[in-house]
Amino acid sequence: MGANAARAAAEICGTKPMETEFTPWTALAGGALIGSAAVLLLAVHGRILGATGILGGLFRLGDAADWTLRAAVIAGMATGPLVHLLATGERPVLDQPVPTWAVALGGLIVGVGVSYGGGCTSGHGVCGLARLSRRSMVATASFMASAVLTVFLIRHGV
Amino acid sequence: MRLLSAFAIGLVFGLGITVSGMINPAKVLNFFDIAGTWDPSLAFVMAGALAVAIPGYRMVLRSPAPRMEDRFQLPDMRVIDRRLVLGSATFGLGWGIAGFCPGGALPALGTGAFDVHVFVAALVAGMFIARWLRSRTLVATRPL
């Protein structure tokens, strides 16, 4: 009964759980690349590699050198899937179990949250934890717990 | 040279997100779905990133300045307040609904998927709403 109820609840909320394969090795390798990028950005440009901070600064005009640097980092990020395709011949899998309206709603909430929280998974979760920042530890615990609770309520609650 | 370096570093990050599978919202959401179709991969991504970044940051911060700038730009906030905790919890709520976080979505823009563009547009709108709300509360509490 539990599984059926969860499925019904998930359908009402527009979410259908999709199985994904546990991939520890590619996860570790990809993580190491993310960590390397964070170290390089600090070593070369003296900055924290936080997606929220880099994107947010794009909408504060005035310093042209700062703006172009941020735009270059973001352009590089968005080129990742293309280079991955050229190197491996594989398109990255991108399954969205959530309808577009929920993506828009979630995006809006994320935008408000990361602004007040001062960072997201990359800024707090990688760079902040790497600096052993207490703020980032609290932020990471908060957004992880909140995301787990949210998904639980959407998929298994109601 | 400066921009080329920034582009290349962004590319390494984008490749990391792609290789790790964190470009895929289904995989990210399954990390949070401990009671259902759980996929612990995201924990391994974080572990891989920190295994490099913790020693890497230590080494880098021993030097007096970064290679191409005069100084390191590090956050100097120390205070743990409601804004940090509740803001982050709000982020987690949105992340759990949409399956994208900012760091996953920016590389995913390169796939051309429609939903990613919707997410990033909404994300930027949310950032502007927060900026507007904050400017209002600042005016209310600290009249100049």
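Predicted model: local features only at pLDDT ≥ 70, side-chain atom pairs only at ≥ 80, totals over all residues.
The expected span of a helix is 1.5 Å times one less than its number of residues.

**H4(A), length.** H4(A) covers residues 64-88, which is 25 residues, so it should span 36 Å. I looked up its end C-alpha atoms and found them 36 Å apart, in agreement.

**H4(A), ends and bend.** At the N-terminal end I found Asp63(A) as the cap, with a side-chain oxygen 3.3 Å from the backbone nitrogen of Ala65(A). After the helix comes Gly89(A), with a positive phi near 75 degrees. I also noted a bend of about 35 degrees at Gly80(A), with the proline Pro81(A) following within four residues.

**H4(A), surroundings.** Gly80(A) and Pro81(A) are both buried. I listed other buried residues of H4(A), among them Asp66(A), Leu69(A), Arg70(A), Met77(A) and His84(A). What do the buried residues of H4(A) pack against? I found H2 (24-45) and H3 (51-57) in chain A, and H1 (2-20) and H5 (102-108) in chain B.

**Interface of A and B.** I next took the whole contact, which involves 104 residues from chain A and 106 residues from chain B. The buried area is about 9500 Å², and carbon and sulfur atoms give 75% of it. On the chain A side, Leu94(A), Tyr116(A) and Arg135(A) lose the most area to chain B, together 8% of what that side buries.

**Chain B, annotated spans.** I checked the unreviewed UniProt entry, which places "transmembrane region" at residues 41-61, 84-106 and 112-133 of chain B. Residues 41-61 are 95% helix and 0% strand, with end C-alpha atoms 30 Å apart. For residues 84-106 I read 87% helix, 0% strand and an end-to-end C-alpha distance of 23 Å.

Methods: Residues numbered from 1 in each chain as written. Chains lettered and ligands numbered in written order. Heavy atoms only, no water. UniProt positions renumbered as here; feature names shortened; annotations may be inferred. Helix = DSSP H or I, 4+ residues; strand = E, 2+ residues; numbered from the N terminus. Bend = angle between axes of the 7 residues up to and from the residue. Buried < 20%, exposed > 50% of the residue type's maximum accessible area, 1.4 Å probe, protein only. Contact = heavy atoms within 4.5 Å. Polar contact = N/O pair within 3.5 Å; in protein donor to acceptor, adjacent residues only side chain to side chain. Buried area = accessible area lost by both parts, 1.4 Å probe.
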